[in-house]
Amino acid sequence: MISLAGRDIMHAWGKFVFTGLGLGLLIGVTLSMAGIYRGMVDDAKVLLDNSGADLWVVQKDTLGPYAESSSLYEDTWRPLRGLPGVARVARVTYLTMQVRQGRREVRAMVTGIEAGGPGTPGWPPYLVAGRQITRGHYEAVVDLATGFALGDRLEIRRNQYTVVGLTRRMVSSGGDPMVFIPLKDAQEAQFLKNNEAILQQRRRTAENPSYNRPQVPGLLEAVIASQSSNPSVNAVLVQIAAGHDPQELAERIRRWQRLTVYTRGQMEEILVGKLIATSARQIGMFLVILSVVSAAIVAFIIYTLTLGKIREIAVLKLIGTRNRTIAAMIIQQAIALGGIGFVVGKITATLLMAPIFPKYVLLEPLDSVRGFVAVLVICVLSSLIAVRAALRVDPAEAIGG
Amino acid sequence: MDGGGIRIQGLQKSYGSGDTAVQALKGVDMRVDPGEVVGLIGPSGSGKSTLLKCLGAVIEPSAGRMTLGEEVIYDDGWRVGDLRALRRDRIGFIFQAPYLIPFLDVTDNVALPPMLAGRSNFEARQRARELLQALDVEHRARAMPAQLSGGEQQRVAIARGLVNQPPVVLADEPTAPLDSQRALGVIRILNEMAGKFRTAIIVVTHDEKIIPTFKRIYHIRDGVTYEEEGEGRAPV
């Protein structure tokens, strides 16, 4: 038996190809949306991997440092370092802000890292060019996605930094590229005000009789000094010595240091389950909408194509064609349309959308397989309306009168 | 079954029920022998199309008996089980317009009925080519229907109606879109094919120019048929 669907497609190939192209662009957007979600999850995991930490010690009862603000005294690391099983500790600050280079601005996650060496928690684990930060101030290592180059001068708040190293795939969970600067600079940048604001704050403090008492010389200067410095960090990253249990150590810190501690698994749960949960729901909603739109398009096209063949279907039924042969013809055409659409969509998502999309788009093979199956299911379901219309055709329509 | 022709006795068909019932056929008798081509003539609303649909096993009559060869198709409310298979294997159709499948070439249009009947593609195409040769359209075997002239399309449609060598062929105004010469050509072909394959052919027509070519004619009026037979009709 010849393939009626195949012959019809070959006969009207232009209609099928162009419809498939349109459907393919829609499928491409759908695959890209799924890729964006995967990219966000991957960004979150990469952020945790690159931090080099086994435990994140943050302000008590917060989800810091990525999902909520967290503030710890900078000397919190001392008692932690002395605990059995702790190999290394390092303080970090994270601040998402606009980093300027002349008139150009880049949204970046500025990360303050402690002096140390490669392998220190918080440090970029590898560089693709240049060197790590070696000076205590005004040097930066930046992700390639910032677009900065070695030797560039960046402006963070009022200070200028020289790019001494480049790294790759160091992004926040939101996809912003990271800029590493010395911890002290980052602490200052977090709360640095402009000169007018500082002068005004000093004036207000001086006018407060509680801080400016004649009997207590030096009090006013001490208060102003405390207002001008930032003794806080966002988190202390802990590396555990081999052979020690992260859960056990985390529990000990929670109990004795009155701090909140997250293990790698818990932090991943916060990032994926809480921080990008809203985005995931939005993307999921988009996927549903796009799937419904795709289904409507396929249903409309196949239904229109079927209505255009009512007389031929009546003739086919009159000469004894089985209903299942006619149904198969329509379903096969819908599947072919979906197949063309999927190929176009996959190519579009992989070669056109992913490279130019501002966020990281991760197209996983398994997602493609799932997408292909979903497209086929949608096409088959969408063709059922046309199948129903075809099966209702009376063979008598082929006979006049 | 070959050589049995088609016979109907007291065929009735009603639409609706109660006060709104319309009796389209009121007891039709008809007999067409193998190798014979008969005309079926009647004005609009006479029951012509209803009769054709009953003969074509598309709709079921309300009463009466119909036999195809020795096989009983309808008998006062009883009917043969699989009407679709009956249409596929034992009844050929030729329509007013050719109604060829536009996405199949000429050969496959003709080969489709035997393929549907379960014959191999090779065998079905072989039979199609033989018929196309007999109908003098073999040179257009690879053409698509849209590339054919009206006369060629109708000859291909005739080939499709005959390809399964059915004992009966129903032709619904097959010459309507054709000029006189081509119309007479189609009737000549039908007569040749009826003789060659021993097929009973019923031609429904309004076409004045071909009516004289039938040796027997059934007139249908108000759901009742009247047979007209006579010598001296114009030879085909």
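Does A:Ile283 count as buried or exposed? I found that A:Ile283 counts as buried, because its relative accessibility is 8%, where buried means under 20% relative accessible area, exposed over 50% and partly exposed in between, with a 1.4 Å probe and protein chains only.

Before going on, I noted that this is a predicted model, in which local features need pLDDT of at least 70 and side-chain atom pairs count only at pLDDT 80 or more, while totals for chains, interfaces and linings use all residues. Residues are numbered from 1 along each chain as its sequence is written, chains are lettered from A and ligands numbered from 1 in the order in which they are written, and side-chain values use heavy atoms, with hydrogens and water left out.

**Entry 1, A:Ile283.** I located A:Ile283 in helix H9 (residues 277–307) of chain A; helices are DSSP runs of H or I with at least four residues, numbered from the N terminus. Leaving aside residues up to four places away in sequence, A:Ile283 touches A:Met33, A:Ile36, A:Tyr37 and A:Met40, contact meaning heavy atoms within 4.5 Å.

After H10(A) comes A:Gly320, with a positive phi near 100°.

I checked how helix H11 (residues 323–356) and helix H12 (residues 365–391) of chain A meet, and their axes come within 8 Å and cross at roughly 145°, the axes being lines fitted to C-alpha atoms over the stretch in contact and the angles running from 0 to 180 degrees between N-to-C directions. Among the residues making the contact are A:Ile330 and A:Phe342 of H11(A) and A:Phe372 and A:Cys379 of H12(A).

For helix H4 (residues 121–134) of chain B I compared lengths: its 14 residues at 1.5 Å a residue should span 20 Å, and the end C-alpha atoms are 20 Å apart, which agrees; the expected span is 1.5 Å times one less than the number of residues. I listed B:Ala124, B:Arg127, B:Ala128, B:Leu131 and B:Leu132 as the buried residues of H4(B). They lie on the same side of H4(B), because they cover an arc of only 140° around the axis, taken from the directions from the helix axis to the C-beta atoms. On the other side of H4(B), B:Phe122 and B:Gln133 are exposed.

Key
Helix = DSSP H or I, 4+ residues; strand = E, 2+ residues; numbered from the N terminus.
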